[in-house]
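Subject: Structure for your files, with notes

Dear colleague,

Please find the structure below, followed by my notes on what was found in it.

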Amino acid sequence: LYIVQLFQPLANLGGSYRMLMQAITDLEKAAELLHVPIEVTDAPDAADLASIIAQTPSDHRDVRFSSVSFRYDSYPASGSGAGLAAGGGVSHLSFRIPPGGSVALVGPSGGGKSTCTRLLCRLFDPTGGAVLVCGVDVRSVSQESLRTCISCVTQDTVLFNASVAFNLCYGAPGATDAQIRAACRLARVDEFVGRLEHGLSTTVGERGLKLSGGEKQRLGIARALLREPTVLILDEATSALDSETEREVQVALDAAARGRCTLTIAHRLSTIVHCEEVVVLAGGAAIERGTHAALLLQSGSVYSTMWARQTVEESASAGGGAAPPRLSPDECKSSVDEACRALGGLHSSTASTVLPPGYDPPPLVTRGAGPAEPPRAAPSRSPATQASIGSGQEPTAIGVGESGSKSRVLEGGD
């Protein structure tokens, strides 16, 4: 008993000492973080972008990338090509999002799509060229005013374990009840919110576990609209949803994009067919651009190859077979990378963006569906086969061959 009374306080003291040392270590790391120099700073005379937008006519409220170049420090400079970033940024990239218009960025992983959104939000400053909103360089306005005018809807909507209203007002704390309900109507959220037991006061659970994927995504759209942004960024906003939910969310996205400059990033190409311009990025450069229909007409183009690899072939009218399953987000990305590698090695790890002369693209095979074959005539049966069938015996069959494909059934002595 005396020994326990002696060593128990010593054990508690040892535990307290370990906690104290851990706290001191964490404090030192926090102090180091506070002393990290800030790379992106506001100019001394930085203007307020909201005031500039208010004074700009609605037909001049565009977004423009003017010969923008940027390279991450963690990537070495490219030694070939026209100074391409080799998966580490963008090089001499130019495009324009007209007022109320939409531009889609597609291409292999690492091609520079996410870099464009970071430059637009001014998380980084370009090393060349300029990013302009309403004709004003984003480096000449304050970061707070710039990001107040931009809303982003991502693939994974982050929700807190709080009420629906709290999650909606996270980006606009001063929003009124009328504004919240207007954003809900625009994002098609009001219907399912009305079915909740406590309406806008209903708790959504940790990370929104009480809601479906489509409901969470529409809440994210409503939250983005509540800020009344001038620029809307859709970063794979529907890639994790099933086909039916994607159609519902896409209707809400189309309504949300009206009157705003919309920048869409997508691997599933079916979500960007209505965009006014599609820019194909590879190796940090724009290798193709145009409307969806115009790019499909370019035989052997990167975009048409990506589209063909993602398009599910229709079932034969006489067959009536079920359609192959829908591509998942990872499969969409893989198909895009595969298509770009087939067309001259345009994966993000390379700097080349020029198709080889006279290149003939390989035949395209859609996942889950093969090329339609002409109907085969019924095979003639030998007398031995007819006898075996008449006696109730099963014909001899051959299973899977060396190539992995199913062999046809061979009957009797055929």
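The side chains of E277 and R289 meet in a salt bridge, with 3.5 Å from N to O, a salt bridge being a side-chain nitrogen of Lys or Arg within 4 Å of a carboxyl oxygen of Asp or Glu. E277 lies in strand β9 (residues 277–282) and R289 in strand β10 (residues 285–290), so the pair ties together parts that are 12 residues apart in sequence. E277 is buried at a relative accessible area of 19%, whereas R289, at 37%, is partly exposed; buried means under 20% relative accessible area, exposed over 50%, and partly exposed in between, with a 1.4 Å probe and protein chains only. Helices (H or I, at least four residues) and strands (E, at least two) are DSSP runs, numbered from the N terminus.

Please bear in mind that this is a predicted model, in which local features need pLDDT of at least 70 and side-chain atom pairs count only at pLDDT 80 or more, while totals for chains, interfaces and linings use all residues. Residues are numbered from 1 along each chain as its sequence is written, and side-chain values use heavy atoms, with hydrogens and water left out.

The count of salt bridges comes to eight. One of them joins R64 and D62 at 3.3 Å, N to O, where R64 is partly exposed with a relative accessible area of 38% and D62 is buried at 7%. R139 forms another with D137, the closest N and O atoms being 2.9 Å apart, and R139 counts as partly exposed at 28% relative accessibility.

An open sheet of four strands has the order β2-β1-β4-β5, with antiparallel pairing, where two strands pair if DSSP finds at least two bridges between them. At its edges stand β2 (89–97) and β5 (136–137), each with a single partner strand, so one side of each is left without a neighbour in the sheet. Strand β1 (residues 63–71) runs antiparallel to β2 and is joined to β2 by six bridges, and R71 stands opposite G89 in β2.

As for the chain as a whole, there are 13 helices and 10 strands, and 41% of the 414 residues count as buried. L13, which is placed in helix α1 (residues 2–34), is exposed, with a relative accessible area of 58%.
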